[in-house]
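Here are some notes to read alongside the structure, written for someone new to this kind of work. Please keep the sequence open beside them as you go.

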Amino acid sequence: MSSLAAARADNFYYPPEWTPNQGSLNKFHGQHALRERARKIDQGILIIRFEMPFNVWCGGCNSMIAKGVRFNAEKKQVGNYYSTKIWNFTMKSACCKHEIVIQTDPKNTEYVIISGAQRKTEEFDIEDAETFALPADEERGKLADPFYRLEHEDKDLQKKKEAEPVLVRLQRVSDARHSDDYALNKALRAQLRNQKKRVAEEEGVSKKLGLGIRLLPATEEDAATAAGMKFSSKFERNRKEKRALINSASIFPGSSGSSTSSVDKKRLDLGSKRRKIKACIASELLTGGFKPSSWSKSSASF
């Protein structure tokens, strides 16, 4: 960016026709210092970035809008609580462009939904959340009574005595865990090294088996499942057939059994070709090369 463009971007560029008696640059250009954010400033409305203070349900599409989601909202004053101004924020939801109106409540120090949404009620158990219950408004008023305050302090001291052994034990456990940083770091690094070695060994076993995925360590359940599986003994049957053909064939090349031996040889060649086709189809299915077609299924069934 050139120096002239940078000066224009920072609003420091004074054109030749500008004179000091014409006032500021904003007055000279006939615009507000906040530019587009102040396009409704004559109506008392300022465009700001508003952050949702709590989880709400959208009134248009019933979608949840999470706490912290930001909107371009129109901010305007709608009243006063004593000397504190009450601000009104109007925005549109991103899910369905439904208008949401939220207003400040200085009396209760919170935000109130006027229209367009519904606050999500979130209740939790104090014991599960491991927090303390805040005193109610009635108890806060009673604390002004010295006798009630004295009784309240005695109950708090009793709770402190009951919880003190648990806190001391937790502190001791925390101190024991974090007393030696070097030992903790050493144990963690040893655990990571053992994990890397185990992963490398599993990958090596997978490569030896010709698999592209890492196999998990074998378990007793896997061994029991594998022992219960039964496969057809085609290998033994083919071996017996080959042995029978060899025994029945003639040892002399020019004998009458040559025609039968040639037929048996062709049969053996055809069987070996079929086994090769089955092996190719199985490898392609394992690697995800193609989906089995009707032809491959029919050829695999031979």
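1. How much accessible surface does the chain have, and what share of it belongs to carbon and sulfur atoms? The accessible surface comes to about 25200 Å², and 55% of this belongs to carbon and sulfur atoms, where areas come from the Shrake-Rupley method with a 1.4 Å probe and, for residues, only the protein chains shown count as cover.

2. Please bear in mind that this is a predicted model, in which local features need pLDDT of at least 70 and side-chain atom pairs count only at pLDDT 80 or more, while totals for chains, interfaces and linings use all residues. Residues are numbered from 1 along each chain as its sequence is written, and side-chain values use heavy atoms, with hydrogens and water left out.

3. The chain has 10 helices and 8 strands, these being DSSP runs numbered from the N terminus (helices are H or I, at least four residues; strands are E, at least two). Of its 302 residues, 12% count as buried, a word that stands for under 20% relative accessible area, with exposed meaning over 50% and partly exposed in between (1.4 Å probe, protein chains only).

4. Setting aside residues up to four places away in sequence, Met52 touches several residues, among them Ile65, Gly68, Met91 and Ile102, where contact means heavy atoms within 4.5 Å. Gly68 lies in the loop between E3 and E4 and is partly exposed, with a relative accessible area of 27%.

5. An open sheet is formed by 3 strands in the order E3-E2-E8, with antiparallel pairing; two strands pair if DSSP finds at least two bridges between them. Its edge strands, E3 (64-65) and E8 (117-119), each pair on one side only. E2 and E8 are joined by 3 bridges, and Cys58 has Ala117 in E8 as its bridge partner.

6. Helix H5 (residues 146-177) has 32 residues and should span 46 Å at 1.5 Å a residue, which agrees with the 45 Å between its end C-alpha atoms; the expected span is 1.5 Å times one less than the number of residues.
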